[in-house]
Every structure is written in C-alpha cells, then in structure tokens.
Amino acid sequence: MEVIVVESEAEMARIAADAVEHLVESTEFPVLGLATGSSPLPVYTDLIERHRSRGLSFAGTTMFLLDEYAGLARDHPQSFATFIRDRFSGHVDVRPESVHGPDGDAADLAAACVRYESQIVDAGGIDLQLLGIGSEGHIGFNELASSLSSRTRLKTLTDRTRSDNARFFDVAEGVPRHALTQGIGTILEARHIVLLASGSSKSIAIERAVEGPVTAMVPASALQLHPHVTVIVDDLAASRLRHADYYRAAYRDKPPWQRI
Ligand code: F6R
C-alpha cells in the first residue's frame, strides 16, 4: 500500500484526479469505478473543471458505481445513481448509458447482483476504483464481518452507517436499511484502487485499515492484499498512523514520474 499524506483537500483532489486523467488519456476504453459520499466530491469537482477548461474527455469511459440503496429507483432523488449524475457524470461528456450501478429497484435483487458482476466483466474489469471509507472501516457497503472474497450482493447497513448517511436525507428514518454493494472480492479485482479519507472521524478506520491486521471486522483492511492501492489521507485522517513520517518520506523521495 502506498500512503500519501496531504496538507489540503485540493492536494488530495489533484493527486486522485491526475490518476484518473492519466487513465482516460492513456487507455482506449477506460473503466472507472466511482464512490459516492463526501470523500470523492473534491475529485469530481476537479475533474469537471479539467473537462471544462481543457477538454479532458470521458466520451469513451465506462463508469461503475460501488453500490446502491435497495428499494430506490435510479431516478430517486436520494439514489446513488442520481448522486453521481448530479455531482459528476452529468457534468462531463460520458455517455449516460455508460454509467452503471447496481439495480436497487430490481424485482429480483440477487439476479441484479449477478447481472452487475457480468457487466463489469464484459467491460473488461475496472481500471481505477475510487473508494471512501466508513467510520467503522467499510468499503462500498461491505460492513463489518463481510467476507473478504464477497461478490456483489445485498447487505444490511449498520446503525452507524445509516446515521453517518442521514445527512443526505430529509429524515434519518428515510435512510434505507439495505443496499446492493460490490463485494470485497469484486473491489479487489480493480487494477488500481485509490482510497480517499479526510477528517478525524476517519482516523481510527484508517489506522486499522492500513496498520492493523487483515480482518473481516475491518473490511478496508482487505486492501492490504491488493498489489496496487494508493491511500490518500489528510493530516487528521492520518493522525493515528504510527508510521506517518515514513509514508511522507517515501512519497517525497519518489521521482515525479513514479507518482500516481
Ligand atoms: C459510497 C460508499 C461508502 C462511502 C463511505 C464514506 O459509495 O460506498 O463506502 O465511501 O461510507 O462516506 P463519506 O465519503 O461520505 O464519508
């Protein structure tokens, strides 16, 4: 795992957006994995700005969402499909039909999960997956005790996740109890994973994910098993890392062309 400790949100956004830009400029059919929530928003803003100011194009890009609330149709105001359209994909030139998410409103949710896995495979797999991390260490909606080899499936959200996400709903009770999420095994098949975390509320999860043992009780710790993971954290999210000085020095020593 490479850990990059940044001093500002803008720096975090720039580094992640550089990785996305490099992918879409250097790959014929780029496949981008997208997270919702607050963490990736500065990255999306930066990418929209690159699209507007110098024509960075997503016309050939396929996008896959990590997850979707069960029971919400794609066009529901609180669905992740709506979230990503309003905050990112709707502001760049990706074709709307190339932006995929699990079908949270399917009559047969299990079949929708299998279909989603096939769509990812048919697209050639995910080149770069952006991730946030839950305050208890989830990635996607793989809550504690998720199998480290899980595939896309229905999960029950923890009370903590529901209260963390209540800010996006008019009333806390409106947060669905279930979601469809790419599994940890699915996420680990992405060729490059970039995890973003900021603020002190993420410091325990980051400490456990990066420096703790690999355990299903901290789903993000499974990223230690992946050969190409970049964790970008601000000082607050990095505040409990015992080896933060080492991570800073290692990144400083890297020649610019080896940075993501
Ligand atoms: C979102 C997702 C979640 C979030 C995580 C952090 O699609 O799958 O894992 O990334 O809950 O959320 P924020 O960034 O809002 O703190």
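Ala-145 is placed in the loop between β6 (128–131) and β7 (153–156); helices (H or I, at least four residues) and strands (E, at least two) are DSSP runs, numbered from the N terminus. The phi of Ala-145 is near 75 degrees, a positive value in a residue other than glycine. Most residues other than glycine have a negative phi.

A word on the source. This is a predicted model, where local features need pLDDT of at least 70, side-chain atom pairs count only at pLDDT 80 or more, and totals for chains, interfaces and linings use all residues. Residues are numbered from 1 along each chain as its sequence is written, and side-chain values use heavy atoms, with hydrogens and water left out.

Now the ligand. What surrounds the ligand? There are 14 residues, the closest being Ser-39, Asp-67, His-138, Gly-140 and Lys-202; a residue counts as near if one of its heavy atoms lies within 4 Å. The shell divides into three nonpolar, eight polar and three charged residues. Here Ala, Val, Leu, Ile, Met, Phe, Trp, Tyr, Cys and Pro count as nonpolar, Asp, Glu, Lys and Arg as charged, and the others, Gly among them, as polar.

For polar contacts, the pair of N or O atoms must be within 3.5 Å. A side-chain N or O atom of Ser-39 is 2.5 Å from a ligand oxygen. A backbone N or O atom of Gly-140 lies 2.7 Å from an oxygen atom of the ligand, and a polar backbone atom of Ser-38 is 2.8 Å from a ligand oxygen. Taken alone, the ligand exposes 410 Å², and the protein buries 92% of that (Shrake-Rupley method, 1.4 Å probe).

The ligand sits in the largest pocket, meaning that more than half of its atoms lie within 2 Å of the grid points. A pocket is an open set of points on a 1 Å grid over the protein atoms alone, where a 1.4 Å probe fits, with protein on both sides within 12 Å along at least five of seven lines; lining residues have an atom within 4 Å of a point. α5 gives the most to this lining, with three residues.

How values were computed. A polar contact is a pair of N or O atoms within 3.5 Å; within protein, one must be able to donate a hydrogen and the other to accept it, and residues adjacent in sequence count only if both atoms are side-chain atoms.
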